[in-house]
Each structure stands twice: as structure tokens, then as C-alpha cells.
Amino acid sequence: MEIINKYFKSLSAEQQAQFAMLDGLYREWNDKINVISRKDIDNLYEHHVLHSLSIGKHISFTDGTQILDVGTGGGFPGIPLAILFPNCKFHLVDSIGKKVRVATEVAAMIGLKNVRCTHQNVKDVHERYDFVVSRAVMPAPELIRLVQKNILRKGRNAMPNGLLCLKGGDMTEELESLKRWHELTPVSDYFDEPYFETKKILFVPL
């Protein structure tokens with residue numbers, strides 16, 4: 001929790017408690033269903049929770065914003081963002097049922113009222129949202145093709161509606177195939193841990 005408090009100093013008592021509960025819940029579920037690498041569970045807060053929250057440093061979602069998390073796995077980045085923005089609505093989807101079960105149970109156990117988790121492929125999701133978020137689930141051009149249908153035309157935030165994607169490593173080839181305007185922001189602009197040196201936030205307005 002120290003690393004969360006380092007960068008987010010104005011969390012409510014409820015948010016503090018919700019973040020604190022994640023460690024025990026993900027350890028318990030990880031023993032049953034491997035949603036986080038066994039060797040990485042000790043880095044839950046830095047590698048998964050804080051990484052997810054980098055989106056919350058990049059944009060402060062206006063109350064009422066609706067967000068779709070594609071390929072959420074066990075709930076990242078959706079669950080940490082839903083804790084940070086309790087007045088926004090999050091729909092977490094994944095094509096692997098057992099992972100959706102973990103996200104559903106974790107959200108329920110920490111009392112999140114603004115999260116809905118469904119077991120489905122994004123191509124079968126037809127509702128519209130202000131933003132789609134994702135964590136390295138597939139190449140950006142492919143993801144854009146799948147989620148363009150899901151973006152509301154009228155925005156309510158300082159940034160235009162679109163895709164916010166957490167990426168890592170060399171993105172040269174991927175960006176060359178992205179034939180539209182985009183913005184790439186190093187996560188190290190927000191967090192100073194070495195882990196984030198190669199991590200980036202890709203924003204593509206849709």
C-alpha cells in the first residue's frame with residue numbers, strides 16, 4: 001500500500017481500505033486460478049495496481065464517465081481505476097470465464113458498486129462508452145478495429161473519447177501500422193520506479 005499512498009495522497013478511508021484488501025484477495029484467488037504469475041504476486045501493487053492507476057494520472061475521469069475494460073483478466077486496469085473513480089461506471093470484459101469470475105468476486109468483496117464484469121468477446125459488446133481501456137491485450141490497430149463501434153461520439157472529459165492502452169517494450173512496428181493520430185506518454189512521467197521505464201500509455205481518439 002505504501003507505493004499507492006506515495007502517488008495518490010487524497011484517497012478516502014474507503015478507497016484506502018479497498019486497495020488494502022486487494023493483496024489478500026488476489027493471493028487467495030491466485031492459489032485457485034492463476035490470474036497473476038506466481039512469481040509476480042509479491043509485486044501486485046507496483047506491477048499491476050499502480051500500473052493500472054497510471055491511466056488515472058493521465059486523465060481524471062469526470063463523474064459519470066463510462067469505461068469499457070477489454071481483456072481485463074483478473075480485473076486490470078478496471079478494478080484499480082474503479083476504486084480511484086467511484087463516480088464512474090466500469091464494464092470489465094474478458095473471453096476467459098475463470099478470469100472474469102476472479103474479477104467479479106474481487107469487485108464484490110471490496111464493495112465496488114460501479115463495476116460490471118461479463119464473460120464475452122469484445123466483438124460481441126455493442127454498448128457505447130466514453131473510453132475503452134486495456135492492458136497490452138492485442139496490437140493497437142486490431143483493438144481499434146474491434147472497439148470503434150463502442151465509443152460514444154459526444155465527450156464529457158477534457159480529452160476526446162477514445163482508447164487508452166497500457167503498453168510496454170518496443171512499439172515501433174505497432175505504431176507504424178497505426179494510420180491515425182495518437183499520443184504516447186511514458187508512464188515514467190508519473191512514477192519513478194525502474195519497472196515503469198519501458199511502460200507507456202497509448203491514447204488514440206476514436
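**Burial, salt bridges and cores**

Colleague: Why is Asp130 called buried?

Modeller: The relative accessible area of Asp130 is 0%. Buried means under 20%, exposed over 50% and partly exposed in between (1.4 Å probe, protein chains only), so Asp130 counts as buried.

Colleague: What are these values based on?

Modeller: This is a predicted model, in which local features need pLDDT of at least 70 and side-chain atom pairs count only at pLDDT 80 or more, while totals for chains, interfaces and linings use all residues. Residues are numbered from 1 along each chain as its sequence is written, and side-chain values use heavy atoms, with hydrogens and water left out.

Colleague: What makes Asp130 and Arg156 a salt bridge?

Modeller: Their side chains meet at 3.1 Å, N to O. The rule asks for a side-chain nitrogen of Lys or Arg within 4 Å of a carboxyl oxygen of Asp or Glu, so the pair qualifies. Asp130 is in the loop between strand 3 (115-119) and strand 4 (131-135), and Arg156 in the loop between helix 6 (140-147) and strand 5 (162-168), so the bridge ties together parts 26 residues apart in sequence. Helices (H or I, at least four residues) and strands (E, at least two) are DSSP runs, numbered from the N terminus. Arg156, at 38% relative accessible area, is partly exposed.

Colleague: How do you know that Asp23 and Arg27 are about one helical turn apart?

Modeller: Both are in helix 2 (residues 13-32), four residues apart.

Colleague: Is the pair Glu174 and Lys167 buried or exposed?

Modeller: Both residues are buried, and their side chains meet in a salt bridge at 2.7 Å, N to O. The rule gives eight salt bridges in total.

Colleague: Which residues touch the most other members of the largest nonpolar core?

Modeller: Ile4, Leu22, Tyr26, Ile79 and Leu164, out of 53 residues. Such a core is a set of buried Ala, Val, Leu, Ile, Met, Phe, Trp, Tyr and Cys residues joined through side-chain atoms within 4.5 Å. Helix 3 (residues 44-58) supplies the largest share, six residues. Apart from this core lies another, of 20 residues, including Val125 and Ile151.

Colleague: What is Leu22 in contact with, leaving aside neighbours within four places in sequence?

Modeller: Leu44, Tyr45, Val49, Ile79, Ile83, Val106 and Ile110, where contact means heavy atoms within 4.5 Å.
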